[in-house]
Protein chains: 2
Amino acid sequence: MFPDFVQPTSERTPCMTHTGSDTARLLSLMAGRRKISQGESLYHEHDHFQFIYAVQSGSFKSTLALADGFEQVSSFHMVGELLGLDGVADGRHASRAVALEDSEISTLSYAQLTELSSTICGVHHILMRLISREIVRSHCHMVVLGSLNSTQRLAAFLLNQSERLSARGYSALEFHLKMTRGEIGSFLGLTLETVSRTFGELQDQRLVQVKRRHIVIASLDGLARV
Amino acid sequence: MFPDFVQPTSERTPCMTHTGSDTARLLSLMAGRRKISQGESLYHEHDHFQFIYAVQSGSFKSTLALADGFEQVSSFHMVGELLGLDGVADGRHASRAVALEDSEISTLSYAQLTELSSTICGVHHILMRLISREIVRSHCHMVVLGSLNSTQRLAAFLLNQSERLSARGYSALEFHLKMTRGEIGSFLGLTLETVSRTFGELQDQRLVQVKRRHIVIASLDGLARV
DNA sequence: CGGAAGATTGAGCGTAGTCAAACCGAGTGG
DNA sequence: CCACTCGGTTTGACTACGCTCAATCTTCCG
């Protein structure tokens with residue numbers, strides 16, 4: 001039932017977060033460091049696009065505003081991931097980035113970066129790949145939103161979290177979510193009540209243990225099989 | 001209820017298709033031309049990424065395969081739009097592109113393009129912007145999939161079609177869809193029956209006239225207000 | 001301790017999915 | 001020309017999943 005790229009097991013998965021040598025090399029160019037406290041915004045929609053950011057510690061969500069004032073979460077970002085690439089499109093940010101906890105980011109001026117591109121061969125390849133990877137990630141998420149039921153969505157979400165956390169050296173089976181049920185719901189196209197209930201279901205099936213934001217995965221395979 | 005960027009009226013809309021001076025300049029570099037007949041694939045998932053394609057005539061859909069063999073439509077492409085940019089991410093295509101009708105495409109080798117980037121200043125800016133714009137587009141579609149009901153989704157779809165067609169000099173109010181109900185449904189995260197029924201509703205509300213694939217929009221504003 | 005924000009749980013409802021049948025239009029061949 | 005097929009579309013009846021509204025509980029923090 002799952003698109004194969006949602007599963008964390010496969011070696012090369014397009015849904016993979018953009019952590020890797022690409023980002024590492026880009027990170028080495030990063031300069032300014034800044035603290036962002038919980039709830040603070042890094043940038044807003046329509047803000048002039050100037051910087052690309054990398055999460056140094058903590059985590060962020062990206063949101064898009066709906067016309068009625070509500071906001072939908074479009075992605076979560078954790079340590080080592082980049083923010084702000086959506087601004088390349090037309091020089092303005094298309095989303096808002098908010099810290100989910102007290103965080104630190106480093107900053108890289110896009111103008112600087114394009115200069116570097118001409119001197120340091122390969123830099124713009126890296127950047128291009130990173131942006132393109134974002135496309136692939138959103139496409140994956142479109143599949144999640146467009147063809148999975150609530151249980152499958154939440155399972156996919158947990159697997160994704162697990163994969164990204166373990167890629168950062170944390171446990172793949174036990175972790176602490178930084179986001180509320182409402183934010184998860186918004187991200188998955190569900191209500192917060194449904195998220196809560198679905199956590200309950202997964203727990204009843206002995207696939208995970210959930211205590212508020214603390215998650216223990218009992219069976220990765222089981223989750224993937226959902 | 002609509003995210004403002006779903007509406008076709010606003011002047012600068014991030015959901016805007018990537019037709020514009022950027023594409024135009026890129027198109028001028030395009031070389032080979034090829035015919036693709038209806039149902040034929042331009043590339044498949046996991047194909048080695050080598051070319052970027054521009055639709056010269058006809059139209060295409062991009063699909064992602066689910067693990068169970070089904071495919072979800074992730075986007076539609078019409079004349080002047082680019083295909084294949086998802087392959088930049090890791091050198092392999094993440095989606096499949098299929099012609100919705102007998103079509104023609106022109107081809108641009110990505111390797112060639114990156115060479116050009118170093119000589120012709122600005123080429124890689126263009127490419128970067130185009131890729132980034134794809135991100136913004138997918139984010140918009142995530143909002144559609146994550147927070148709109150069937151009527152709103154279909155209205156957004158029709159407005160999008162209308163906008164893109166009128167940008168190409170066709171009528172904004174009367175056009176012929178190239179895709180089946182099933183394909184629309186897959187794209188919008190609905191079943192084909194729901195698409196059909198929802199077309200009926202919109203017709204009952206005198207917002208559009210629908211006869212199979214022939215669409216006449218009675219009120220763009222009405223659709224946008226849905 | 002009290003208040004607030006977040007999470008859980010419950011009851012009832014509605015939208016969209018499912019399954020099934022009928023319909024329509026285009027193309028094919030007798 | 002009509003009969004037949006086939007893919008796509010429409011329509012109907014029923015169902016179920018997830019939403020809504022509401023109450024309660026938990027944890028955190030002043």
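K178(A) is partly exposed, with a relative accessible area of 33%. I start with this residue, in what is a predicted model, and the reason is its partner. The side chain of K178(A) meets that of E101(A) in a salt bridge, 3.6 Å from N to O. K178(A) sits in the loop between β9 (174-176) and α5 (181-188) of chain A, while E101(A) sits in the loop between β7 (96-99) and β8 of chain A. The two are 77 residues apart, and the pair links distant parts of the chain.

Next, a second pair in chain A. E104(A) forms a salt bridge with K35(A), and their closest N and O atoms are 3.4 Å apart. Strand β8 (residues 103-109) holds E104(A) and strand β1 (residues 33-36) holds K35(A), so this pair ties together parts that are 69 residues apart in sequence. K35(A) is exposed, at a relative accessible area of 64%.

In chain B, E134(B) and R137(B) form a salt bridge with closest N and O atoms 3.7 Å apart. They are three residues apart in helix α3 of chain B, which means about one helical turn separates them. Are these two buried or exposed? Both E134(B) and R137(B) are buried. Back in chain A, R33(A), K35(A) and E104(A) are joined into one network by salt bridges that share partners. Over all chains, the search finds 16 salt bridges.

Now the interface. How many salt bridges does the rule find across the interface of chain B and chain A? It finds zero. The rule does find 12 residue pairs in polar contact there. On the side of chain B that touches chain A, α3(B) gives the most, with 20 residues. That side divides into 22 nonpolar, 15 polar and nine charged residues. In contact terms, 46 residues of chain B meet 46 residues of chain A. The two chains bury about 4200 Å² between them, 68% of it on carbon and sulfur atoms.

In soluble globular proteins, nonpolar side chains tend to be buried together. Here the largest nonpolar core has 34 residues, and I52(A), Y110(A), I52(B) and Y110(B) touch the most other members. The elements that give two or more residues to this core are β3 (51-57), α2 (110-119) and α3 (123-147), from chain A and from chain B. Leaving aside neighbours within four places in sequence, the contacts of Y110(A) include F49(A), I52(A), V88(A) and L127(A), and also M128(B). A second, separate core of 28 residues includes L158(A), L165(A), M179(A) and L190(A).

Technical notes: Residues numbered from 1 in each chain as written. Chains lettered and ligands numbered in written order. Predicted model: local features only at pLDDT ≥ 70, side-chain atom pairs only at ≥ 80, totals over all residues. Heavy atoms only, no water. Core = buried A, V, L, I, M, F, W, Y, C linked by side-chain atoms within 4.5 Å. Buried < 20%, exposed > 50% of the residue type's maximum accessible area, 1.4 Å probe, protein only. Helix = DSSP H or I, 4+ residues; strand = E, 2+ residues; numbered from the N terminus. Contact = heavy atoms within 4.5 Å. Buried area = accessible area lost by both parts, 1.4 Å probe. Salt bridge = Lys/Arg side-chain N within 4 Å of Asp/Glu carboxyl O. Polar contact = N/O pair within 3.5 Å; in protein donor to acceptor, adjacent residues only side chain to side chain. Nonpolar A, V, L, I, M, F, W, Y, C, P; charged D, E, K, R; others polar.
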